[in-house]
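Colleague: I would like to go through this model before I plan anything. Can we take it piece by piece?

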Amino acid sequence: MTARERLKDAVPSIVLLVVAAFYAYTATAYDPQTRAMPLGVALIAILLVVLDLVSRGEGALARNLRRVLQGSGAKAPVPGLDGQAGQRHPALRELGAFAWIGGFLALVILVGFYPAIPIYMVAYLRFYAKKPLVAAVATAAVVTGLLYAMFELLLGYSVFEGLIMGDYM
Amino acid sequence: MLEAVATSVGALTASGGAIYLFVGTLVGLVFGIIPGLGGPTALALLIPLTFGIDTTAAMFLAGGIMGAIPFGGSVTAILLNTPGTAPNAATVYDGYPMTKKGQAGAALGAAAAASSLGGLFGILILFMVLPVAREIILMFSPPEFFMLAVLGLCAIAVSTDGKMLKGLIAACFGLMIAFVGYDNVSGAVRFDYGIDYLWDGISLIPALIGLFAIAQIVSLYLAGGSIADNPSAVRVSRVSDGIFAVFRYWKTLLRGSVIGAVIGAVPGVGGTVAAFLSYSVTVQTSRDPDSFGKGNIEGVIAPEASNNAREGGSLIPTLAFGIPGSAEMAVFLGLLVLHGLQPGPSLLINHLDVITSLMLSIAIASVLASIVCLAVARQLALITLVDVNYLVPVILSVSLVGAYALESSMHDVIVAVIFGAIGYLMIRFDYPRLPLVIAMFLGEVAEVNFRQSMMIARGDWTVFLTRPLSLVLFLLVILSLSVPFIRYLLRRRRASREALT
Amino acid sequence: MMKRALGLAAAAAMALAAGQAAAQDWPKGDVQLIIPSGPGGGFDTYARVLARAMEEDLDVKVVPQNVTGGGGLRGATVAYQAKPDGQTFAVFNVPGIIEPVINGESVAYDVSEIDWLGAMAFNQYVVVVGKDSPYDTIEDMKAAGEPITFTAYGSSGVAANRILCAEVGLECEIITGYPSNSEALLGVVRGDAIASVPPISTATAFNAKGDLKAILLMTERETPEFPDTEKAADAGYANLANLGLIRAFGLPPGVPAETRAAVQAAFDKALEAESVKTWAEDTGSAFEAMSGDELSALIESQTELLTRYKDVIAGN
């Protein structure tokens, strides 16, 4: 592993380290009873992340740490709950997945659930999944219809209607 | 008591009582299946609809919901790696791997049988325990709550999936998230960073939707294809295999039910802990602990049995002292009050038939929900063969509506999406998610009760060891932490002896 | 002359029509009722009872919405900042919303700006101990020679508890962190602490099996549930009878007068509703309708009272 790769590998741990340190720093402002637990946990988190970072190396210390703590390299990911664990996809595709989710969320915030759901579903099925337009429209109609029937008609509960429609968050 | 039961049975058969029960069961199933929507939301939305009907009918409706929700939640946990309600989070651990292997039918069968039998056991235990309910509740004080929370946190040890260090890191961050928001003990607001949404802390349900449902959506989007790795197995896998497995592992079922009913009775700790505890005890007492997390059917039976049994248990504090045993019970208490009933021991004295109606309908609903689902289980299992491109937008739409409906808050929806990113990054960088979830559930309970214990004992640490029940729980904690270690030593000794001969 | 009269009549008719139009302006759709605490508690119950009664006369739904967090402050803030169109109103926890102001914490609302509709109850407190407790009076506690422990729920509960101790001159240790008043009382029954200071109605509801013994009623009113318990004034602590928990309802500031009048009319009518009275009788809940003006006056006197105890509430 080159130094560059090793650094890249350590990025998540470093992010966690920064978050935990910031959390611990925030905690110091509270009075002793109130901060005891959060501060303690944050410090333990920092310790564990540091151990994780150390155990990534190739020296004897790192190897022993891995053996005792079942650190990063101890065990190959098992298929199962985290079945896709460690599986790498191109970053662009990962961003694409979140772009669809983010786009849908933005649409919901703007126009509310009932218009947003069919728009998103048809767009996704037609343009991303390349499904026939009929199938896309039918799926969107069924899902939206069922949600509408259950909430509006059966329970008389109105879901978010969108900032444009004057609903507030 | 028997008289009241007879009255309830009479009411159920007459005047459309059965219809309310059936409607309640269906609503419960649907609300259980949709991530985010669970018992509290279903009951809260139904309260206004019960104004027009009499109290017994309202009990049939509520009991139907309460009995059906836990099983409904297991359906998505098994098929889509997405717990429908929080207590089903433990079910994903072995349920989804079974689905990946094409055994969705068997997993659903096992969950259905375990749920119905667990539900029946829970009500049975409630009946037996009712005369001493008050004594049981009074045994639990803050030191015991704290020890119970620690015992629940020990479940983290078996859920780290062979990645102990990363599991512990995830657990620490889970605790840190749990501490965000209003601190009930000091009245201070912590870690809100000026965002008023955070005054109430990060809501668990939207976070769960993110960690499981949305992270799963991203995984499916990236993986493509269909959920089942082995499509040909899906059609072969038999629902009845799952049902029979429950009888074969009757000990697991019984243990899960008892844990569910007992822990469910402890206010504030509730069903999720019960499910995790039941799961972790099953793993620890199993001859083959390594097979868990890879699709062991016992890993489905254990949490599901405890999930339904807890419904019976959570009625205990409500009946003994008018205190809700769970979020769902809190809403249910509201329903009782609006129907002019005062929750608490007076219910048993003045309105016994109302309570027996509720218990009866919870018991029937847990069986009914399973039967309804078993009837369509084969069709449900076929979902795992569907092109994921259809599943992705459907799951996403439904999950986000579920996140919203919990508190009618778009902020919850945003939290769900943020936790979706966190959940995906955890998969990507190989951090187990269950430790995070367990810690988020238990962080507040553990902290508040620890501080209360210290206040009660005036700072004397021995309070956890001098109270008998607390001491027992403490010993269980030690036992549960040392079992894997003892096992490891035994195995090594056996291995070295074998090597010698 | 005739022309003028006609003109007047026309003007009157137009005014009438405008008035009707304004009245029909509200409700424009479902009305939201914000509840600053979780489902199942006291404020939640009062609010839902009111919502149900209001619905009886309106064509729309009154949707209770629990906005929890910050010990009730988040709900109050959301309600205060809601669009002032009469479609959103809230139940407010008084003195819960006053205490942080007195403690000098920054809050995003101004209590005097809230547009009060009225209140459903003024719940006063009672001091209780376990039924087998050796203490029968406050004087017994003072004679104990060691601090008395209390269980308390919420900032209002802690404040009432501290004021009690300061007023009677009792050395107290308060155990906080209970999730509700009922659970604070359960804490007394199982021995977490010696005593607690819950609202009278909570104590009554909890005490169906006689687990508790009331030793001091912090009210002047007749309390049939605890007939033999000494009242604060008789014990020489008249000031304690002024404290209480108000189930107050109000609109965000800035609701137009006509809309406001329509909301007020619907609210007042709901307070008269039969369903509210039956509910109060069936469950033994305190119910005492209070007009917006009465409520404002009560809030003012509560603020004054709490300001006087500022240091006590802060725990100094």
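Colleague: In chain C, what share of the contacts with a separation of 6 or more comes from residues 24 or more positions apart?
Modeller: Two residues are in contact if their C-beta atoms, placed from the backbone, lie within 7 Å. Take the chain C contacts with a separation of 6 or more; the share from residues 24 or more positions apart is 76%.

Colleague: What kind of model is this, and how are its parts numbered?
Modeller: Residues count from 1 along each chain as its sequence is written, while chains are lettered from A and ligands numbered from 1 in the order written. Local features need pLDDT of at least 70, side-chain atom pairs count only at pLDDT 80 or more, totals for chains, interfaces and linings use all residues, and the model is predicted.

Colleague: How many helices and strands does chain C have?
Modeller: Helices (H or I, at least four residues) and strands (E, at least two) are DSSP runs, numbered from the N terminus. The C-alpha trace of chain C spans about 90 × 40 × 35 Å along its principal axes. Chain C holds twelve helices and eleven strands.

Colleague: Is C:A195 buried or exposed?
Modeller: C:A195 sits in strand β8 (residues 195-196) of chain C. A residue is buried if 20 or more other C-beta atoms lie within 10 Å of its own, exposed if 12 or fewer, and partly exposed in between, with C-beta atoms placed from the backbone. C:A195 has 26 C-beta neighbours inside 10 Å, so it counts as buried.

Colleague: How do the residues divide on the side of domain 1 of chain C that touches domain 2 of chain C?
Modeller: Domain bounds come from an automatic or database domain assignment, which gives chain C domain 1 (29-122 + 246-311) and domain 2 (125-242). Their contact takes 13 residues from domain 1 of chain C and twelve residues from domain 2 of chain C. Ala, Val, Leu, Ile, Met, Phe, Trp, Tyr, Cys and Pro count as nonpolar, Asp, Glu, Lys and Arg as charged, and the others, Gly among them, as polar. On the domain 1 side the residues divide into four nonpolar, eight polar and one charged.

Colleague: What distance separates the centres of the two domains of chain A?
Modeller: The assignment for chain A gives domain 1 (3-69) and domain 2 (91-155). Taken over C-alpha atoms, the centres of domain 1 and domain 2 of chain A are separated by 40 Å.

Colleague: Which element gives the most to the side of chain B that touches chain A?
Modeller: The contact takes 55 residues from chain B and 59 residues from chain A. Elements of chain B giving two or more residues include α9 (164-178), α20 (388-407) and α22 (434-456). The one that gives the most, with ten residues, is α20(B).

Colleague: How many of the 20 residues of α20(B) are buried?
Modeller: The expected span of a helix is 1.5 Å times one less than its number of residues. For α20(B) that rule gives 28 Å, and its end C-alpha atoms are 30 Å apart, which agrees. This helix is largely enclosed by the rest of the structure, because the number of its residues that are buried is 17 of the 20.

Colleague: Which residues of chain A does B:I169 touch?
Modeller: A nonpolar core is a set of buried Ala, Val, Leu, Ile, Met, Phe, Trp, Tyr and Cys residues joined through C-beta atoms within 7 Å. The largest such core has 337 residues, and B:I169 is one of those with the most contacts inside it. Leaving aside residues up to four places away in sequence, B:I169 touches B:Y431 and, from chain A, A:L16, A:A45, A:L48, A:V49 and A:D52.

Colleague: Is B:S482 buried or exposed?
Modeller: B:S482 lies in helix α24 (residues 468-500) of chain B. B:S482 has 11 C-beta neighbours inside 10 Å, so it counts as exposed.
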